[in-house]
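Subject: Structure handover

Hi,

Here is the structure I promised to pass on. Please open it first, then read my notes below.

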Amino acid sequence: MIGTQALKQEICTLYLREGHNGYGLYHLNQLQHGLQAAAHAQAQGLSAALIVAALLHDVGHMVHDLGETPAEAGVDDRHEEVGAQWAAKRFPPDVSEPIRLHVAAKRYLCGAEDGYEATLSKDSVISLALQGGAMDGKEQAAFLAQAHAREAIALRRIDDIAKDPHATTRPLEVFLDAYLEQALCGSGGEPA
Ligand SMILES: [Fe+2]
């Protein structure tokens, strides 16, 4: 594991380099989306691990080279796997596993919850097809049996609402200073 200050610097540098890239088809960028997600996680009283997972859940989009909207080109960038591998080298599973499962959580909710799929944004609908579509009952049961499935569902619901082009959030450093060290230690899922 990397030290807290070195990791803080790495995350700031990554967002400085890639954070201006557009988030899907929305009028906001990756940094705004990540900060909004972290702010929602904080407001919901979720653990430090989930706040940091929310902040970094789309890091996979920033560490691949497939362009800003690969789903539009019919390409599943597998950003949840890329992002989880990046996170697993730096954080405990409390952070990396919800990131790995947040796309599966969307597929779960599409299958398990009436009306959820109708709430998805245009690019989420496009990527859903590439990601395998809604889960059937057997897939839903297998998903829920995984560790961190509930946290991934919470993260997915936050992902869905962190897309306000007019929202203002506190700076990246504020979230990192407040939660990075606790997330690195492993919070055990307790509220921050
Ligand atoms: Fe997202």
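The site of the iron ion is irregular, with angles of 81 to 174° among its four donor atoms. (Donors are N, O and S atoms within 2.8 Å of the metal, 3.2 Å for Na, K and Ca; water is not among the atoms, so sites may look incomplete. Four donors count as tetrahedral if all angles lie between 85 and 135 degrees; four count as square planar and six as octahedral if opposite donors are over 155 degrees apart and all others between 65 and 115; anything else is irregular.)

This is a predicted model: local features need pLDDT of at least 70, side-chain atom pairs count only at pLDDT 80 or more, and totals for chains, interfaces and linings use all residues. Residues are numbered from 1 along each chain as its sequence is written, and side-chain values use heavy atoms, without hydrogens and water.

The iron ion is held at 2.2 Å by His33 (NE2), His57 (NE2), Asp58 (OD) and Asp159 (OD). Histidine 33 sits in helix α2 (residues 30-43) and aspartate 159 in helix α9 (residues 149-161), so the pair ties together parts 126 residues apart in sequence. (Helices, H or I of at least four residues, are DSSP runs numbered from the N terminus.) Both histidine 33 and aspartate 159 are buried, meaning under 20% relative accessible area with a 1.4 Å probe, protein chains only.

Now lysine 8. Lysine 8 is in helix α1 (residues 4-18). Lysine 8 counts as buried, at 17% relative accessibility.

Regards

Conventions. Helices (H or I, at least four residues) and strands (E, at least two) are DSSP runs, numbered from the N terminus. Buried means under 20% relative accessible area, exposed over 50%, partly exposed in between (1.4 Å probe, protein chains only).
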